[in-house]
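Please read these points with the model open beside you.

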Amino acid sequence: MRAIVIEDHFAAWRAAALGALAEDLAPETIDWRVTGPPGLQQEQALFDYDATASAAATVLPEPTAATVHVSKELAALLQDAALYREPQRWAFLYKVLWRWQQGDRAAASPADADGAQLYRMARSVRRAKHDMIAYVRFRKAASAARTPPEYIAWYEPEHDVLAWAAEHFAQRMGRSSWLIATPRGAAFWDGRALHLDQRRALPGEHRCDTADEAETLWLAYYRSTFNPARLNEAALEQHMPVRFWKGLPEGSLIPGMISEAKSGARRIAQASGVGALGGKSIPIEAENAQPVREEASSLDSCRRCELWRNATQAVPGAGPPNARIMLIGEQPGDHEDLSGQPFVGPAGQLLELAMTRAGLAREQVYLTNAVKHFKWEPRGKRRLHKTPAQREVQACSYWLERELERVRPTVIVTLGATALAALLREKANLRDYFDAPFELDSGWGIATYHPSFALRQQDDAARDKVLAAISDALGRARELAESVDRARSRRTGA
Ligand code: URA
């Protein structure tokens, strides 16, 4: 094994890689190591290419190195992928270059495993470059004297694109001096020359959170252009992904504006009679729209995720505190959200039918959901169910665990994939658990369909089939609970 030690930038790797190729070193015989802290990313023509020679060939002149012919496209891919934040990147890039040098052109094809990875890395870096250009926001530095930098920005790039972006800003911001600080270094433009320091990790306190005058104006303008009636959250998040909000001055405004827009829209949608009246609708803070209860439960004040903002209320589980069987659904639906009770809407009615067929009364079982707030999206005046994200299920597992500890059911029936994953605390394929009871730390689990799956079936026969599967599962849960109870009372002699 040959150790090759390089500085952590493309030019250093390129020189070393050409040397290694000259010595005919196979990728698996090289241990690529990086010396010292990350160095500067040199912006230079790292691979020349001959635009007149079609797909293939360019000669890379390097006095003590191999001569490598690379296509223009591969040259660009290697340069971009070199900025991908991943310690093994140099070994990987050498592997690709080596294969290419051996005549294996597939190495640069997206249909090849290495080629696909190269494309993926380059794509991700190109996105990071674009994002940094789009989302860096300079603020006027606080210093009263006109000492450089006049403008400062904090940004957390996904890959090592600081130097590239700094070049971009240097060409566009004229003589004004500026500093861009990142968690892995900074770029400083003094009005004439660019200075890069990627050697020091900069802590978050370099972040600049004070608004200057221009920014105050910008925020006022941004707010004034926002039309709640035309809110399209998906499009907004697509154009300006949430992860960038924290670095943007307007980022702190967005969640509040969305929630105001939504709560205004929700009230109108829920009270169609009121919504139909003329006059002004006045959005109020989501916090103030929560129901007033005699004794607010801590679930009512749950803020573990953002779902509470658009829900009318949290829907706790319901049923005997010592029920032998617990049924877990996904999340409350529209009816449940308004009534505060689980499984009272169409899916609940179907579930009740399945329970009756299985010989179970609603009063016997404890009914709850993996997620306690209704997640929905507006469709006209309707609120359409939206599947909760994994992080929301995860956030809500706190409440499910409390219910499991309190009720200690013998058998837990999960309705649908979300409930199964919530119970197992990991992603699970319903098909793998379907039908056979599985053992849990403190009892048994049975996985079946969610009743809304039956509602979504196209015809009666298909609906009946799903309903039959649910009632079979519930019947099995009842028998299992009874037999465990029988065995228990035999043991205790009760
Ligand atoms: N769907 C569920 O998963 N739970 C309910 O409470 C209602 C519909």
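1. A contact means heavy atoms within 4.5 Å. Among contacts in the protein between residues at least 6 apart in sequence, 66% join residues at least 24 apart.

2. This model is predicted: local features need pLDDT of at least 70, side-chain atom pairs count only at pLDDT 80 or more, and totals for chains, interfaces and linings use all residues. Residues are numbered from 1 along each chain as its sequence is written, and side-chain values use heavy atoms, with hydrogens and water left out.

3. The protein has 16 helices and 14 strands; these are DSSP runs (helices H or I, at least four residues; strands E, at least two), numbered from the N terminus.

4. Of its 494 residues, 46% count as buried, meaning under 20% relative accessible area with a 1.4 Å probe, protein chains only. The protein exposes about 25,900 Å², with carbon and sulfur atoms supplying 51% of that area; accessible areas come from the Shrake-Rupley method with a 1.4 Å probe.

5. An open sheet of five strands runs in the order β9-β8-β12-β14-β13, with mixed pairing. Two strands pair if DSSP finds at least two bridges between them. At the edges lie β9 (365-369) and β13 (438-440), each pairing on one side only. The twist averages 25° from one strand to the next.

6. β8 (residues 325-329) pairs with β9 in the parallel sense, over five bridges. Met326 has Tyr366 in β9 as its bridge partner.

7. Helix α12 (residues 390-407) packs on this sheet and touches β8, β9 and β12 (411-415). The direction of α12 makes about 170° with that of β9; axes are lines fitted to C-alpha atoms, for helices over the stretch in contact, and angles run from 0 to 180 degrees between N-to-C directions.

Terms used
Buried means under 20% relative accessible area, exposed over 50%, partly exposed in between (1.4 Å probe, protein chains only).
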